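Grab the model, open your viewer and work through a few exercises. Each comes with a solution to check yourself against.

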Amino acid sequence: MRTRIQHILVIVFAALLITACSEDFLNKEPLVDNVIENFYKTGSDAIYATNAAYTPLQWEFNNTYFSEWMLGDIVSDDALKGGNSTSDMGDLFLLENFNGTPSNEILLEFYRAQYQGINRSNLAINNIPAIPVDEDMDESLKQRLIAEAKFLRAFYYFRLVKVFGGVPKVTRSLSPSEYAMPRAHKDTIYNLIYKDLLSAIPHLWKKYDYEPEDMGRVTKGAAQALLMKAYLYNKRWDDARAWGDSIIASSVYGLNNSYADNFTLAGENGIESVFEIQYMEEPTSDYGEGNGFTRGTFTVILQRTRVSNLGWGFNHPTTDLINEYEPSDPRKDATITGPDADVYLGNGYHSKKYALTGYQLAHPTRAPLNYKVIRYADVLLMYAEAACEIGDLGAAKLKLEEVRNRARQGNNTILPEFPYGSYTDDQAGLRQAIRHERRVELAMEGQRFFDLVRWGIAPQVMNAYAENESEAVKAHIQPFTEGKHELFPIPEVERNLNPNLDQNPNY
Amino acid sequence: MKSRLFLTTLLSLFAFATFAQTISVSGTVISGDDKSPLPGVSIIKKGTSEGTSSDIDGKFTISVNKGATLVFSFVGYETQEIAVNMDTYLNITLNPQNLDIDEVVVIGYGTIKKSDLTGSVASISSNSIKESRVAGIDQAIQGKAAGVTVIANSGQPGSPVTVRVRGIGTVNNSDPLYVVDGVALSNIAFLNPSDIKSMEILKDASATAIYGSRGANGVILITTISGNKSSKINTTFDFYTGIQNKWRTLDMMNREQYAAFKGYDPNDATYSSFSDWVYGNFNLVNNPYIPTDINYEQYDTDWQEVVFRDNAQISNFHFAADGGNETSSYALSLGYFNQEGIIIASNFKRLTFRVNTSHMLSKYIKVGENLSFSNSRNRGVATNNENYSVLNSAIAFAPWDPVKYPNGRITPSTTTNLINPISMIENQNPKEEWNRLVGNFFVDITPIKGLTFKSDVGTDISYGDARNFKPKYYISANDYMANNFLEHSYQKYFSWQWENTVTYKHTFKDKHDITLLAGMTAQEGTWDFLGASKTHIPNESPNLWYLDAATQNATAGGRAWEWSMLSYLGRLHYSYASRYMLTLTMRRDGSSRFGANNKWGMFPSAALGWNVHQESFFANLADKINTLKVTLSWGQIGNQEIGNYAFTTLINGGTTFVGYVFGVPQALIAGAAPLSNANKDLKWESTEQSNFGIDLAALNNRLSLTADYYIKDTKDMLVAVPVPGNVGLRYNPIVNAGSLRNKGFEFTAEFKQTHGDFSYSVGGNFTTVKNKVISLGGGEDIYSAPFFGEFLTRTRKGDPIGSFYGYEIAGIFQDKYDVEEYVNSKGQQIQPTANPGDFKFVNQNDDNKIDANDKVNLGSPIPKFTYGFNASLNYKSVDFQIFFQGVYGNKIFNGNKYFTEGDGYTNLSVDMLNAWSGKGTSNTLPNPAGSANNRLASSRYIEDGSYLRLKNVQLGYTLPDATAKRIGLSRLRVYVAATNLLTITKYTGFDPEIGVTNGLDLGVDRGTYPQARTFTIGATVNI
């Protein structure tokens, strides 16, 4: 009997041992991932947090469908969707024909992706100030990182406000009771954009102050140009022009000698580049959760011609755009290729700027070409537009001529200096000439539709364009309804999840 | 296991009795049901450990003291005690333990007499499991027990099965806990069904609360084979083999029909031939991937025939032996299962070994182990994904496309961007292998009568190995690999558990039976993953599918998690004169999955039982009704299946999802950000369950009935709730989000009868489940099941969980007037942009448009009731079993229709020949060329998912004993059988058994791998 009791005692004692250390036994710190309580403590944490705020810039196509050109070009009079059939990325087809509904997945993924960028920017903006400087981060770098995040937040909001108008204004991590946030007024969002950029500009570095390994980070010039654009979108011409002056006076930027060099690998981050989204060679297939969120861009495979360049043939330039070019404008050949065999509903022409022609992709679907968000030529044309609207026609003509002069590529028989053609030498004529110049200079770069909307001429232009389209294309196009199609519908899924989100008018 | 425990108890009870005067007694033991001799019956002198066992003819001889009592026992038969007086020859008839109310039932951390049971427990016999002839035990219990719903997720061999006990208890993980020989496990894929001795499903709170935070979804207790105490060695060899086939194909257009649909007119002079039309109409002339000289007229491919495999093989071998003596017993087995899938290339193979032993070290110490090893290998194919599935692709491909061109290259689609299903199979080589060791070691100490101390150490060790090789190939612009690619990963899971329990049983004054249980358990699990990939293998031979053979683009990754639990448990069972029973249980669980504020949870239960038939006032009914028991139980149980670190917000570091490209030259630079938000105040989800049950046996125990009514309320549900995009998260955070009620009736009935050589039994079970969301804690509706830009299901207060939401269809606009006349009460047009041939959607809110506010509840994917019924007949040597299983009242979202009744860029169902093509042509099938809105989630996709399936039918023949003996066997049975022979359903997709993708994504058919119809022949040999 005694041994029996001993046996039991040994086991009971061991059991009690486990019990005694129970609190330790039940504390399992997460493996692999850091916990938020231990993060945002050091300079290197600050750098990582800021880097993550850049990531959503790259997201496109799968699950986070979006590239600027999908809405900016295809929906506009510049391009048709292309692809294999009307149902190939059918959501885009519906949008280009003003048939889009709130269930459109492209809009949903776009909306969600931008807010992920905003959330990460918020985390950097709100957490970095409390991090002490250390060997990885001095005060100047600290201020710059906060400023980078502010630029990014402004950039994501600018994308949202262009597409949807006012959206929920989120400037910090939300607690569950705050999730269902109503839409802020469009002006509130723009005020946030101005404020972020104004406070970022003093702390951002000029492009040439960065080390080579930091190429691609937000620069002072990028923030100034985005601010200029935001003012332009709100017809604050004096402010736009003033920031244009700052950019021009910084002497950081100029125009490439060759227009086409903007869209080559060698021309990446060149003198004309004010802000671009960085992409690099993507040599491996998806591994783990790759899903198109890494390194390379889908834009190249999407825009390459189907037959001669083994692409997917999206973003077809319209005849309307081709006709916009002046005779022998070299920019046309740099922008448009073809005619090539076409699948349906097109004129056979394809987009060239992002086709990376002649380059063998290492990855089936992803390519290394950076996406140009703001070029110096855009800055000059914005400047010209602002000056023209203010009434300083001389300054406007100067900047317009700077752009046209580069476009000539030394051939003085083409692209005459303003006034030319049917344009009258007055403010109205100059306005028309600048709008024409914007269309051809920035064609297929995702700007056109938003330009038409901000100029208030989208209904006339889009409906006139539709009239001249081929019968086959016309059969699908719904009329552009004024007061409706300037904005896209708030995604149905978002309105399900956040019942305080109002729908845009007439959807 | 039960008989062992029983014997141990008996032995210790009478260890000190002594007798004198020895006589020799001999005799024969026969079986009460077929009068055949019973070999291997244990014959023990009561109060000693001495004894013998019957020989192959059921004969025995034993020396006993006069006046002693002999105990005859045999697995599956009632134990009989005979006092030895004058007779020296005994004819003993052992009766099968059929409806014996004194059957012992396995419950959590112990056993109990069935008559004393107060909880709701369903038992499934090993025979009934073996009859199913499937790879997994979970599949074998489909339709076998009331209150247990089993849904095959996929017909893919080796794929998991969804098991639900008493409805869907939570929007979260609703899988039951499996306990195999005492080891708690979350999946039992390693188990060979033939190794199972008994299975008990614990359903109500009284039964499951002893498992605390893991009991809310029910507990399935499995006991595997054990040895016997006779010196006789029983060996059994089971074998079956068979063929499997698809049981249904969809009726798609053939070449002529689809070509005509796409506008081909043989009389049109524009095209010189059919091939010319294909090249011209689909712009293939300059397509570099398509040869210029294909004669499309010679092809009319039936793509379903291409991807389905005819006569896919299935076979199973199982060898088992058991034996032992007074001090040691053992059971061992070897099994091999091999199944080809009915979709080409898919297959599953599993090898299993098992050794279970137990040993009496002394009269009061028993040690033992149960050890199993399994090796499984499988190769899967892509299914159940609306964007990438072999079946979806097969029904969508144009019939004029050949599978491969004459030069051997796989064809791209001529009509759209489809990927050839053969490319999904041949250009992927996913292989998976698992090695898994599950076992436990135990010590039982019984120092004094009635007191048992048990210590048990169990472990589950799994190693997984997955690899995929993709060759370099070009099929089309959207299906190619510029370089070949190899990925290879290992993962290992290690968990251990240690349980210590003390049980004390005592009877006071003959009437008061008390059983007390107290214990503690600790469990810990760790998982670790390592994977790598590379490209550019110079030669694509399988011999080189190793990372060192690849030359470029090396990547590697590794991750891990761990969890732990510590618990204290206790149970009191009290019975008064076998008439009134009370059971109280309590468990306190601590889990690493909760934050410091909510680490511990307490889970109590209470139950009462009354054996009415023991009452004196019942005496005059006792000859008609053998048993009448009523039980009432209540308890609270928990659920902790929420992921390991949900209590804290994690910072996702590295490059995936958070990296960005910087620098000259460019490089991918790491970043860090949270991808979700944690909820520090996350508390335990708890389930409160009440149960009322009645057990009845009548007509000499030939008829038995069990009925239960239960209400199961889940509170503080832990859910990953989709949050608005403006929160900016990549993954949905987990919150305590409200409560859910499941309630229903469960009935089980069985009737048995024997007339001479003929015996039969019929039985059935019937379960109703009513599922309702009581509240979402003030939260918003939960949207789930994404499908082409919409959520298909909503979880909303007052509805069943995960109900389908979509538009109601009122018909089709026949002409312009129809469109114009479709107005609301203010006279505004509702669908002004619709064209004739488009759907007219019901405008639910009388506004002037169709939008998400017009979506209504279109039904629930949860069946109103599920049922199974079986019959078995025996006549002399012939036996016959038949088993039906079914569900009723659920809806399925038939996602196939998105393609088969789609826009015509992919092949269509022949039904679409009757689609709208002009006024009056159809009011149900819209113009395929019409608005994209026609494809929105609507009542057109919702179908009745009820089915009745002849799951199993089997005809067997057992060789007469004499004949069997002549060829040296003790028993030989051969049989033929069929599975899924007949399915009655209105559902039009491939199969009405639609699995669960995750949580609330129920009943959505995204191209599910269908169940096979199987014919098998088999034999069971006992030596």
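This is a predicted model: local features need pLDDT of at least 70, side-chain atom pairs count only at pLDDT 80 or more; totals for chains, interfaces and linings use all residues.

Residues are numbered from 1 along each chain as its sequence is written, and chains are lettered from A and ligands numbered from 1 in the order written.

**Exercise 1.** Find the mean pLDDT of chain A.

*Solution.* Start with the average: pLDDT (the predictor's confidence in each residue, from 0 to 100) has a mean of 90 in chain A, with 92% of residues reaching 70 or more. Next, look at residues 285-292 of chain A, where pLDDT is below 50.

**Exercise 2.** Which residues touch the most other members of the largest nonpolar core?

*Solution.* First, the term: a nonpolar core is a set of buried Ala, Val, Leu, Ile, Met, Phe, Trp, Tyr and Cys residues joined through C-beta atoms within 7 Å, buried meaning 20 or more other C-beta atoms within 10 Å of a residue's own, with C-beta atoms placed from the backbone. Then pick out Ala49(A), Phe151(A), Ala223(A), Leu226(A) and Val379(A) among its 248 residues. Helix α7 of chain A (a DSSP run of H or I, at least four residues) is the top contributor, giving 15 residues.

**Exercise 3.** In what order do the four strands of the open sheet in chain B run?

*Solution.* Read off β3-β2-β5-β6, with antiparallel pairing. Now check the edges: β3 and β6 of chain B have a single partner strand each, so one side of each lacks a neighbour in the sheet. Finally, β5(B) and β6(B) pair (at least two DSSP bridges) over four bridges, and Thr69(B) sits opposite Ala83(B) in β6(B).

Conventions: A residue is buried if 20 or more other C-beta atoms lie within 10 Å of its own, exposed if 12 or fewer, and partly exposed in between; C-beta atoms are placed from the backbone. Two residues are in contact if their C-beta atoms, placed from the backbone, lie within 7 Å.
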